[in-house]
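Dear colleague,

I am handing over the structure below, and my notes on what was found in it follow directly after.

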Amino acid sequence: MAVGPSIDDLHFATEPAVDEVPGPNSRKLLTRQREIDSNAVAYPRRIPIALEEARGATVRDVDGNTFLDFFAGIGVLNVGHSNPYVLEGTQEQLESVAHTIDFPTEARIDLIEKLRTIAPGGLAGSSNVVFGGPSGSDAIEGSIKLAKHNTGRHGILGFEGAYHGTTAGALSLTAGKKYKKGYGPLLADAVHVPYPTRDAGAGGREACERCLDAVKRKFEAPYGGHETPAGIWVEPIQGEGGVVVPPEGFLQGLRDIADDNDAMLIVDEIQTGLGRTGEWFATDHFDVTPDAITMAKALGGTGLPIGAMLYHEDFDTWGPGGHVGTFRGNAPAMVGGLRAIEYIESHDLLSHATALGQYLRDRLDEVAETTPELVDVRGKGLFVGAEFVDADGDPDADLVEAIQTRCYENGLLVWNAGRHGNVLRLIPPLVLTREQAEVGMDILCHAIRATTTEGTN
């Protein structure tokens, strides 16, 4: 018997219902926010909306406008907003005990056991889990410590186009210069090498070999210019970098290089994990066993903050207090994560995400046939990217912003990505229905055609 309601019963509506956006109540709250909130606030600058409530793959603003949500808190809400099965468990846990540090609770142990079961490759059944701070950045920080502790080395290797967070260690691995500007040296022993993108070579295999050779040189070239890395940090599919799916053989090549050089392979599954790509973890698409994976975002089930790292038990060499964090015992978030996994299993959302993601990409491919500005459609499962260029073939972030705005005005929330901001990123909840997908793609495809046609007039 399936747990919780069916995915058809989770939402406000199948179609958006939008009047004036932003409406008067949203404008008031947006004004108040600008007056007192941090200048670091980003999302309302692009999508001016003040939220009141949300259900499934739909959100409603303070003026009563209902939107289809195709970015799910940037991959946080895999089982949808306010999933009743998840909320029931988290509410019960809140009323019992919420803050547990690392004392054992059923919530903690049950979640760890479930993660060990669904872990990728050889990590299944042979891994341990550590909770630190409540974010993905904190999970990355823990992974840096784990690699350094186990190898005795201090160098760390990441990739161009990568995003791993914005705390000091994580930011050292993040490639985006805009996140680092003005902060000076972070970890001087961090180095970045090319990730195999569409532009990295003449073909997928050539790009793959070229990038793997760059990684290998940082380990084995006597004048490579950097300390030998303790580990390799990689997104199995780059998210902020533009939903970039690497060629077959890339992750296996990294696994081989790490093995040959006694380094750790750490795969960042913060955005791609917990069913997002149609597998429990995106690593599963490539049949590679990493030494560790980092998790956060969807791990909290319903937006509750929790970060974690799962790693092979052979690397569990820490002593008591080896990695800590005051909020490493967020029991309601642990229940939320467990119940989200149970809901995904019970409703076969991995298969649903695979099929629905293919539908989204097929619709975009149809548009690309008559839209020269849309040069690439890619992704796995409900993790989809569409890349746009201008008439000269250069990245066109302005076009993506215009498409995004037109979607917002018609009740569809989408977001951007890419090194140049020229990729539309679609990451709806896994509970998105086929009917909602059709409506949302009608809006998006019309927005692309209308916006690109305007640009040629």
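In this predicted model, the largest pocket has a volume of about 1,400 Å³. A pocket here is an open set of points on a 1 Å grid over the protein atoms alone, where a 1.4 Å probe fits and protein lies on both sides within 12 Å along at least five of seven lines; the volume is the space filled by probe spheres set on the points, which are joined across faces, edges and corners. Its lining comprises 48 residues, with Y43, Y163, Y179, E240 and R425 nearest the centre, a lining residue being one with an atom within 4 Å of a point. Among the elements that each supply at least two lining residues are α6 (136-151) and β14, where helices (H or I, at least four residues) and strands (E, at least two) are DSSP runs numbered from the N terminus.

β14 (415-417) is also an edge strand, as is β11 (374-380), of an open four-stranded antiparallel sheet in the order β11-β12-β15-β14; strands pair if DSSP finds at least two bridges between them. β14 and β15 (residues 423-426) share three bridges, and N416 has L424 as its bridge partner.

Elsewhere, 13 of the 16 residues of α11 are buried, meaning under 20% relative accessible area (1.4 Å probe, protein chains only).

As to conventions, residues are numbered from 1 along each chain as its sequence is written. Local features need pLDDT of at least 70 and side-chain atom pairs count only at pLDDT 80 or more, while totals for chains, interfaces and linings use all residues, and side-chain values use heavy atoms, with hydrogens and water left out.

Best regards

Terms used
Buried means under 20% relative accessible area, exposed over 50%, partly exposed in between (1.4 Å probe, protein chains only).
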